[in-house]
Amino acid sequence: MVGGGAGAAGGYLAGSGGSSGSGGVNALDQPRPAEQTNDAPEGSVQAVAEQVMPSVVQLQVQGGNTVGEGSGFVLSGDGYIMTNNHVVEAAANGGRIVVVFQDGRRAQAEVVGRDPTTDVAVVRAQGVDGLPTVELGRSDNLAVGQRVVAIGSPFDLAGTVTSGIVSSLHRPVTANGQDGQATVMDAIQTDAAINPGNSGGPLLNMQGQVVGINSAIYSPQTAGGPGGGQGGNVGIGFSIPIDQARRTADEIIENGYATQTFIGAVVGTAPQGGAVIREVQPDSPAARAGLEAGDVVVRMGERRIDESNTLVAAVRTRAPGEQVTFTLADDSTVQATLGGQRVTVN
């Protein structure tokens, strides 16, 4: 009894002495500040998050023995949603996709179409209308160092917002999906934190416009697999440029399938740098342009080609029918009209 009472008294005296006896400032005695206003500064991360968050969704996917989740963003009020192919491919043949909206509503969704070669897919939520949509920006005028924001559902934590900068542009990133089809992205590199579950969510400029689809991370465990596998963020994430993804989504919604841009040649990396033509397919755009086995492409237009995947990624960013100039290692040039072929999915 004595010990308990003395302890209580001692505690009381020490507490009251801290606020009045020593003359020091006690934060607990200070009045609460005025309530913050809800007006986010224009061009701030907060403003971008408030603008876009209602249009970002979580996708819960089940197919066969695979269960996973990813992100997406709303393209139209009647339920079209853009995401990554690798997020939804498990459910493409009889699986199940549930869309979870920011306000907690849920809806079943179906795959409209997908393109494993660029890792873009479109799904459509059923029985919905009047959804808030994103604003699509453009990716052809991004600059290294530009601020960006990523929104998604990393590790099932829906509505997570991170920010960073554009670290690099035109990164050729290669990954293999679950169906074994290779993805080659002409990626935007960013240090905005991207983790498993962010895949399919938007990368945004500071006007709240979508400039990319977050798709992959570099991880020491997975070295760039889709969504980063189970590795965590190390500050190197990759997004699909929205200009390319927009064209693919338009084709999927219009036709139910995507069209891949191609030149019709098998290429490898030349020892001295550049992409060496190993084989030219008959009656292909490469053949009609006069490219031959052994030619080494070092530029496409103004873009330097340092290895084979750089050439593949550069071609895929263009639309079928576009004319391009290839510069070869001997400084000669070749004019080619790019071809287009329907993407087949496994």
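Valine 324 has alanine 336 of strand E20 as its bridge partner. E20 pairs with strand E19 (residues 323-328) in the antiparallel sense, over five bridges. Strands pair, by the rule used here, if DSSP finds at least two bridges between them. This is a predicted model, where local features need pLDDT of at least 70 and side-chain atom pairs count only at pLDDT 80 or more, while totals for chains, interfaces and linings use all residues. Residues are numbered from 1 along each chain as its sequence is written, and side-chain values use heavy atoms, with hydrogens and water left out.

**The E19-E20 hairpin**

- Four residues lie between E19 and E20 in this hairpin.
- Aspartate 331, in the turn, has a positive phi of about 75°.
- Side chains alternate along E20 (residues 333-337). Val334 and Ala336 point to one face and are buried.
- Buried means under 20% relative accessible area, exposed means over 50%, and partly exposed lies in between (1.4 Å probe, protein chains only).

**Overall make-up**

- The protein chain holds six helices and 21 strands. Helices (H or I, at least four residues) and strands (E, at least two) are DSSP runs, numbered from the N terminus.
- The chain has 346 residues, and 46% of them count as buried.
- Its accessible surface is about 16,400 Å², with 47% belonging to carbon and sulfur atoms. Areas come from the Shrake-Rupley method with a 1.4 Å probe; for residues, only the protein chains shown count as cover.
- Take the contacts (heavy atoms within 4.5 Å) between residues at least 6 apart in sequence: 60% join residues at least 24 apart.

- Six strands form a closed barrel in the order E1-E2-E3-E6-E5-E4, with antiparallel pairing. The twist from one strand to the next averages 40°.
- Isoleucine 97 stands opposite alanine 109 in E5.
- Helix H4 (residues 242-255) lies across strands E2 (66-74), E3 (80-83), E5 and E6 (120-125). H4 runs at about 50° to E6. Axes are lines fitted to C-alpha atoms, for helices over the stretch in contact, and angles run from 0 to 180 degrees between N-to-C directions.

**Nonpolar core**

- The largest nonpolar core has 29 residues. Such a core is a set of buried Ala, Val, Leu, Ile, Met, Phe, Trp, Tyr and Cys residues joined through side-chain atoms within 4.5 Å.
- Residues with the most contacts inside this core include Phe73, Met82, Ile213 and Ala245.
- H4 gives the largest share of this core, four residues.
- Methionine 82 is in contact with Phe73, Ala121, Ile213 and Ala245, among others, leaving aside neighbours within four places in sequence.

**Salt bridges**

- The count is six salt bridges. The rule asks for a side-chain nitrogen of Lys or Arg within 4 Å of a carboxyl oxygen of Asp or Glu.
- Arginine 105 pairs with aspartate 103, the closest N and O atoms being 2.9 Å apart. Arginine 105 is partly exposed at 42%; aspartate 103 is exposed at 53%.
- Arginine 138 and aspartate 140 form another, at 2.6 Å between the closest N and O atoms. Arginine 138 is partly exposed at 47%, and aspartate 140 is exposed at 51%.
- Arginine 318 meets glutamate 322 at 3.3 Å, N to O. Arginine 318 is partly exposed at 26%, and glutamate 322 is partly exposed at 29%.
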